[in-house]
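Hi everyone, thanks for coming.

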Amino acid sequence: MIEVRRLKVLRALADHGTVTAAAEVLHLTPSAVSQQLAALETEVGQELLERRGRRVSITSAGRLLLAHADTILAEVERAEDAMRLHANGANGEVRVTAFATAITLLVAPALTRLRETSPGLSLVVRDAEGHQGITQLFDGDADLAIAVEHRGSPRPDDRRLTRIPLYAEPFVAVLPPAHPAAGLPDGPPAPAAIELEALANDDWVMPAPGNPIRDVVLLACEQAGFQPRVVHQSDDFRAVAALVAAGGGVSLVPRLAVPEPTLALIRPLPEPAPTRRVYAAVRTSRADHPLITATLTVLTEVAEKL
């Protein structure tokens, strides 16, 4: 008989790469994780891990078991949800992670509307930048994540995840007021759009490494034929706009994230401009949960008006 809790330990090891990281997520000691994995190997009668010094890798038998484990764990979660719903009806809590702009534009308006449409639903909101929201979703620390599509996103065929597209927004150039692209007071008007190549020699204000927005901007600059000279870094777009307005450099920012008012100069980019694609994600096992369905419905309605 395979112990379900040990399947969770194997999944955590596969997701996080090391026994220490898996132990931290599971709130266990590394020794306890190792014991659980050893017991699981005994239960299935095959080696699931290949140990190389302090690191371990998952064997072909382990990968085969993982494929079944995802289905088993999803069904267990559905059963737990069904029992909770049976016990207390449709009342409950939905834990949402989102980056700051999405909290402002989507989650806060949805929270207001859900108080009217689903009074038994309680949203608990956490700020999670970059890939953190999806990680928390996989770890069971969140029920719904609002995230940005980027190169490090889970694959579209990851069966553990159900995605719902919310909105897409182009990036715009954010420039100091005295930037040549603004045009001189007595000169001809500046063009509506600015070519990215025109900013190749400027200093840049960027999000910190690890933020998917930085990856999008770096890729756009690379496609324009240059590597930006990054001087200042901030993940807060209000801070980015303030640094740009003070003459600290130029930046690219998603259109809806530009703070208002701002002293910085905003210019569109020629088509096709880099785009931030925002989606909601839930674990597939909970995609049909009534509370999550209600939350997604309202989030989608709010997103359609952006």
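First, the term we need: on a 1 Å grid over the protein atoms alone, a pocket is an open set of points where a 1.4 Å probe fits, with protein on both sides within 12 Å along at least five of seven lines, and lining residues have an atom within 4 Å of a point. Keep in mind that this is a predicted model, where local features need pLDDT of at least 70, side-chain atom pairs count only at pLDDT 80 or more, and totals for linings, chains and interfaces use all residues. Residues are numbered from 1 along each chain as its sequence is written, and side-chain values use heavy atoms, leaving out hydrogens and water.

So, which residues lie nearest the centre of the largest pocket? They're Lys8, Arg11, Leu73, Glu77 and Phe138, out of 35 lining residues. Sorted by type, the lining has 18 charged residues (Asp, Glu, Lys and Arg), 10 nonpolar (Ala, Val, Leu, Ile, Met, Phe, Trp, Tyr, Cys and Pro) and seven polar (the others, Gly among them). H4 gives the largest share, 11 residues. Helices H1 (4-16), H2 (19-26) and H4 (60-88) each supply at least two; helices here are DSSP runs of H or I with at least four residues, numbered from the N terminus.

Now the second largest pocket. Its lining has 26 residues, and Ala100, Thr101, Thr104, Phe237 and Ala257 are the closest to its centre. Here H5 gives the most, with four residues. This lining divides into 15 nonpolar, six charged and five polar residues.
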